[in-house]
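The following exercises concern one protein chain and are to be worked with its sequence and coordinates at hand. Each task is followed by a solution in steps.

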Amino acid sequence: MSESRRDEADIVIIGAGAAGLATAIFSGEADVDRKLRIVLLESAKKPGAKILISGGGRCNVTHKTVEASDYYGHKNIIRNILRAFDVKKTRDWFHSLGVELKEEETGKLFPTSDKARTVLDALLHRCSELGIELLCQWRVEKIKEGPLGWRVHGADHEIDTRRLIIATGGKSLPKSGSDGHGWTMLHELGLQLTDTWPALVPLTLESDHGHENLSGISHPVRVSIQVNNKIIDFIEGELLWTHTGISGPAPMNISRTWIRQQDLGEKPQLLLSFFPGEDSNSLDRWLLDQATETPQRSLFHAISSRIPRRVVEFIGIQSDLDLSCQLSQLQKSVRRRLVQQMTAFPLPVTGHRGWRLAEVTAGGIPLKEIHYQTMESKRFDGLYLTGEILDCEGRIGGFNFQWAWATGSIAGSCCVKSLTQQESEKSS
């Protein structure tokens, strides 16, 4: 490669998704004298594709409360990172970008415009104001240590840079540009990489199971994963029936556990409670109370007062129970069998919808590989990691965006601080 195809920069950020854009902005703002050349590389034609499709096109930028318990990963490290850039700082930051946020009943925060484009345009506008150079369709093939610190290799171009920040994401929603190549490059350098698998993804059920007739119905549930007759995880929330299986917050949040157990060679069983907050004893007592208060009422009408009618019909068919009988005539053995079905209903999960529909990646570069105070690699000076490429993923509700903003804020500001200190030491 000729020298004319080689360039130089102070900071190169690979990946112009949420984490990469946040990192670029915070690095640009930390460079108060505007002396640094900051370059943001994006392999896709346009940046921020995942931002635009998130939250049904509205972009759920964060949640009203964010705790380490909302994430899978190294809790102590996650807690410290989130404290460094919390929800209040996020709201203030978006306000400074001209994006006002509104809080919904679920606790999710969206732009008042209800348009993800508002968020992306604001981020891009701020990058432009700060003089960040955004280069799209610039795919990085390899990274290695170089004369300035790092050398970034493209198909027909190279950039030498003093600091390098990786924000390439994982493998979820590959149409957004994330294909796992960032992991490959870092693993080739010598960084550890955990197993990775899709998370926050819809699950599929056996065809002709009857769930097809429930497509479009949503209701609260408790979803549990059982392995070797032991419950290893459970989540309460909304479930959405689809023509292929189940989606919605509860199934998608717990999908990572089902997929992981299957990958490990186990036989995970998904159990559904149609009455979250109830156990078998309390539900049994409720049915007895109903029989006392309205003995002539049918079992079907009693249950459908609490869950959708078509779901009640589904339970009756799948459990081979006659729900038309009067409550007063309900035999004890039948009642207990019904209670068992309504609190631990087995669903025949066959798989998941794959990376194409997964909202996030489970696994990645272990958090122990970085200094959480700066997001810099412990093994390589001048190398920083942000966002989804790290082994941390949150539940549905804006938590993964909060992780992107938080890690980007730390990496961007600390990266510039390290360069400033380096220059100061040289001049002294």
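Two residues are in contact when heavy atoms of theirs lie within 4.5 Å. The model is predicted.

**Exercise 1. Overall description**

Task: State which share of the contacts between residues at least 6 apart in sequence joins residues at least 24 apart, and describe the extent and burial of the chain.

Solution. 
Step 1. Of the contacts between residues at least 6 apart, 75% join residues at least 24 apart.
Step 2. The C-alpha trace spans about 90 × 45 × 35 Å along its principal axes.
Step 3. The chain has 428 residues, and 54% of them are buried. Its accessible surface comes to about 19000 Å², with 46% belonging to carbon and sulfur atoms.
Step 4. The secondary structure consists of 12 helices and 23 strands.

**Exercise 2. Salt bridges across the sequence**

Task: The structure holds 25 salt bridges. For the bridges of Glu388, Lys102 and Glu423, identify the partner, locate both residues and classify their accessibility.

Solution. 
Step 1. Side chains of opposite charge can pair when their charged atoms come close. The cut-off for a salt bridge is 4 Å between the side-chain nitrogen and the carboxyl oxygen.
Step 2. Glu388 pairs with Lys50, with 3.0 Å between the closest N and O atoms. Glu388 lies in the loop between strands E22 (383–385) and E23 (393–394), whereas Lys50 belongs to helix H2 (residues 49–53); the two are 338 residues apart. Because buried means under 20% relative accessible area, Glu388 at 14% is buried, while Lys50 at 22% is partly exposed.
Step 3. Lys102 meets Asp114 in a salt bridge of 2.8 Å, N to O. Lys102 is in strand E5 (residues 101–103) and Asp114 in the loop between strand E6 (108–111) and helix H5 (116–129), so this bridge ties together parts 12 residues apart in sequence. Both partners are partly exposed: Lys102 has a relative accessible area of 27% and Asp114 one of 28%.
Step 4. Glu423 pairs with Arg162, the closest N and O atoms being 2.6 Å apart. This bridge links helix H12 (residues 399–427), which holds Glu423, to strand E10 (residues 158–166), which holds Arg162, across 261 residues. Glu423 is partly exposed at 39%, and Arg162 is buried at 15%.
Step 5. A network of salt bridges with shared partners joins Arg6, Arg151, Glu158 and Asp160.

**Exercise 3. The surroundings of Arg256**

Task: Is Arg256 buried or exposed, and which residues does Arg256 touch?

Solution. 
Step 1. Arg256 is placed in helix H7 (residues 249–263).
Step 2. With a relative accessible area of 13%, Arg256 is buried.
Step 3. Leaving out residues up to four places away in sequence, Arg256 touches Tyr72, Trp197, Pro198, Ala199, Ala362 and Glu393.
Step 4. The side chains of Arg256 and Glu393 are also joined by a polar contact of 2.5 Å.

Methods. Residues numbered from 1 in each chain as written. Predicted model: local features only at pLDDT ≥ 70, side-chain atom pairs only at ≥ 80, totals over all residues. Heavy atoms only, no water. Helix = DSSP H or I, 4+ residues; strand = E, 2+ residues; numbered from the N terminus. Buried < 20%, exposed > 50% of the residue type's maximum accessible area, 1.4 Å probe, protein only. Polar contact = N/O pair within 3.5 Å; in protein donor to acceptor, adjacent residues only side chain to side chain. Areas by Shrake-Rupley, 256 points an atom, 1.4 Å probe, with all protein chains shown as cover.
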